[in-house]
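Subject: A structure for you to explore

Hello,

I am passing on the structure we talked about, and I hope you enjoy turning it around on your screen. Please have a look at it before you read on.

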Amino acid sequence: MSAEAPTMPLLTPYKMGIFNLSHRIVLAPLGRLRSYNHFPQPHAILYYSQRTSKGGFMIAEATGVSDTAQGYPNTPGIWTKEHVEAWKPIVDDVHAKGGIFFLQIAHNGRVSNSDFQPNGQAPISSTSNPMRPDAKIFDGANVSFTPPRRLATDEIPLIVNDFRLAARNAIEAGFDGVEIHGAHGYLIDQFLKDGANDRTDKYGGSLENRCRFALEIVEAVAEEIGAERVGIRLSPFTDAEDCGDSDPEALGIYMAKALNKCGIAYCHVVEPRLTLGDSIGNSKSLLPMRKAFNGTFIVAGGYDHEDGNKAIAENRTDLVAYGRLFLANPDLPKRFELNVPLNKYNRKTFYIPDPVIGYTDYPFLETNA
Ligand SMILES: Cc1cc2nc3c(=O)[nH]c(=O)nc-3n(C[C@H](O)[C@H](O)[C@H](O)COP(=O)(O)O)c2cc1C
């Protein structure tokens, strides 16, 4: 009798609440800046379809929840019926191929410029402090940042509501759920972290107060579409966009425990070693957060094939999200399965507006020979 090859941990099935995943390789949210005038375009149909596998889980790029949410050119939105219609064919194609598809809903906060704002107004934030000019920034951000306007306490429920409506719209567009973007120094993170949040109301000061905005959004969105269709992304250790915390470990654990009460589908956390792009952060571990959270845990940041298998085998995570490797290898799960070489990503084309180059022209294995 021939011995069967052992199954790779990344290729084992996983039940994420109501979703049956056939493997544990997740497409990380990747903003590609190709949604002209903030509308998802037909070329995104092919891009996401190429990366779909039956039973595979994918998270679509950061998508603005309102007309104050944007901060980069050509990022998509989900706050109007027209946005919903534009997303539908993209989602339909992923579903036709058996994929499970969440939309990342986001607000840039002060990582923006008045040119992206209605009536040229100042971007909104937890603070009126601008980002430091020498802040580490997302490398697609070829823009300058306008000093923000601090949100008044009574305006905050309106922003929570924007997230709620965006989630409703995402479901109407056909998405299976949403991932709330609480990472990378954007609006929610500007509330979470004491490096940015200098408020003295009930949304600032103590850990409990700084986490209030994020948790109100999670609760509102869960109430709107069902907790089983909600995930959140956090990056407590990241200090990009001038948004760092003095005690990231405590912040991560506090959020993990608070999220347990919400019963959401997953918590997705960016590794301390990676901030944005390639920049290496520190050597802290996400293990305490993993242990504090009762639901599905997803990690991202600098994983390769071997590393991902190891993280699952050692029960440090349930799923692994891949960004740059999946960007450059539309058939990443297949390549991992066959253990074959990967295409290299080209950073120069990450954020160009071209509908094909660096977007849908990375070769599949079959055409690679
Ligand atoms: C081109 C590009 C776009 C990105 N866009 C987003 C985004 O929209 N939302 C987000 O949370 N992270 C975004 N990220 C971060 C990735 O999701 C991921 O966490 C990061 O690339 C680290 O994972 P990797 O080492 O597998 O690439 C982006 C990264 C890249 C390279």
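Predicted model: local features only at pLDDT ≥ 70, side-chain atom pairs only at ≥ 80, totals over all residues.

Residues are numbered from 1 along each chain as its sequence is written, and side-chain values use heavy atoms, with hydrogens and water left out.

**Strand S12**

Helices (H or I, at least four residues) and strands (E, at least two) are DSSP runs, numbered from the N terminus. In a regular strand, side chains alternate between the two faces of the sheet. S12 spans residues 319-322 and is covered on both faces. Leu 319 and Ala 321 are buried on one side, and Val 320 and Tyr 322 are buried on the other. Buried means under 20% relative accessible area, exposed over 50%, and partly exposed in between (1.4 Å probe, protein chains only).

Two strands pair if DSSP finds at least two bridges between them. S3 (residues 25-27) runs parallel to S12, joined by three bridges, and Leu 27 stands opposite Tyr 322. S11 (residues 296-300) also pairs with S12 in the parallel sense, over three bridges, and there Ile 298 has Leu 319 as its bridge partner. From S11 the chain passes through helix H8 (residues 305-313) to S12 in a right-handed β-α-β crossover. Right-handed means that, with the strands pointing away from the viewer, the path from the first strand over the helix to the second runs clockwise.

**Two loop residues**

Asn 315, in the loop between H8 and S12, has a positive phi near 60° although it is a residue other than glycine. His 184 also is not a glycine and has a positive phi of about 60°; this residue sits in the loop between S8 (177-182) and H4 (187-192).

**The ligand**

Which residues are closest to the ligand? They are Gly 31, Gln 104, Arg 233, Gly 302 and Arg 324, among 19 that surround it (a heavy atom within 4 Å). A backbone N or O atom of Gly 31 lies 2.8 Å from a ligand nitrogen, and a polar side-chain atom of His 181 lies 3.2 Å from a ligand oxygen. Taken alone, the ligand exposes 610 Å², and the protein buries 95% of that (Shrake-Rupley method, 1.4 Å probe).

Happy exploring!

Methods: Polar contact = N/O pair within 3.5 Å; in protein donor to acceptor, adjacent residues only side chain to side chain.
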